[in-house]
Amino acid sequence: MKRIALITLAFCSYTILANAQSKFKSRQDSLEYEAAKTEVWNPIPKSVTPGTTVADAPSDAIVLYNGKDFNAFQKKNGGTPGWKIDADGALTVVKGSGDLETKEAFGDCQLHLEFREPAEIKGSNQTRGNSGIWFMSNYELQILDNYNNPTYVNGEIGSIYKQHTPLVTACKKPGEWQIYDVIFTAPQFKENGELATPAHMTVLLNGILVQNNAIVYGGVEWIGLPKYVKHANKMPLILQDHGMDGGNPVSFRNIWIRPL
Ligand code: MG
């Protein structure tokens, strides 16, 4: 009798447990079914292998300068580019030799660029270590030695020149390498030449956000207000020789770009 009772108890326990598991499984299936409705599995993003550090070019980047040659660039408006490579591999502006522009044209992109203001301080305000990155040959992200060197704030380092003051001043001392990381979105134009959507820039200077998806108001202007003039969907990237003043031997290294 005792044996029958034990068998009955075991059977009932098994049945209760099985039912519970079945209900649990059913509930899990239901939750997973609902969750799957908002899962996206395709298209799968392409794989990109990161560099050893975040400063190193990832596998899909175009290396524009790596300390060996600057064949990715030419002199703007033609001729032999006059910039020089120093003993330490830095690419340095030679005053009055003209801007460099990439041979390849770019639109939307992610840019990594390292630069160094000259350790020997000359000039003040806008004549101290002035250079710049001109996206699509038109939209300038300013390079300037602003360390203990005040200037108009919409023209300081980290500014979109004369359009957007940087959120903070995040420069290092002259002679130290600094880093720009930029996300640039190209402007779009209508067939008739009117602007459809403006360019945008997000900029990190030395790892610090200085422009947060800022709207670019047009091409850079020293005098007057910026305006858009229709151009190609892709244009060269320019590094500026601001050679009209007392000498601005800004140096560059480790420049890479990812077309987006
Ligand atoms: Mg400049």
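Is Val-168 buried, partly exposed or exposed, and what is its relative accessible area? Val-168 is partly exposed, at a relative accessible area of 39%. The views below show a predicted model.

**View 1. Nonpolar surface patch around Val-168.** Val-168 lies in the loop that runs between strand S8 (139-143) and strand S9 (177-185). Together with Leu-167, Leu-204, Ile-208 and Leu-209, Val-168 forms a nonpolar patch on the surface. The accessible area of these residues together is about 380 Å².

**View 2. Protein donors of the magnesium ion.** Along the sequence, the spacing of the donor residues is N-S-x8-E-x1-Q-x97-Q. Ser-131 is buried, because its relative accessibility is 0%, and Glu-140 is buried too, with a relative accessible area of 5%.

**View 3. Largest nonpolar core.** This core has 43 residues, of which Ile-133, Phe-135, Tyr-180, Met-201 and Phe-252 touch the most other members. Strand S6 (residues 109-116) supplies the largest share of the core, 4 residues. In soluble globular proteins, nonpolar side chains tend to be buried together.

View 4. Ser-251 counts as buried because its relative accessibility, 4%, is under 20%. Leaving aside residues up to four places away in sequence, Ser-251 touches Asp-86, Ala-90, Leu-91, Thr-92, Glu-114, Phe-115, Arg-116 and Trp-177. The C-alpha atoms of Ser-251 and Val-94 are 9.7 Å apart, while the two residues are 157 residues apart in sequence.

Key:
Residues numbered from 1 in each chain as written. Predicted model: local features only at pLDDT ≥ 70, side-chain atom pairs only at ≥ 80, totals over all residues. Heavy atoms only, no water. Donors = N, O, S within 2.8 Å, 3.2 Å for Na, K, Ca; no water. Buried < 20%, exposed > 50% of the residue type's maximum accessible area, 1.4 Å probe, protein only. Patch = residues over 30% accessible without salt bridge, like charges linked within 9 Å, V, L, I, M, F, W, Y side chains within 5 Å. Areas by Shrake-Rupley, 256 points an atom, 1.4 Å probe, with all protein chains shown as cover. Salt bridge = Lys/Arg side-chain N within 4 Å of Asp/Glu carboxyl O. Helix = DSSP H or I, 4+ residues; strand = E, 2+ residues; numbered from the N terminus. Core = buried A, V, L, I, M, F, W, Y, C linked by side-chain atoms within 4.5 Å. Contact = heavy atoms within 4.5 Å.
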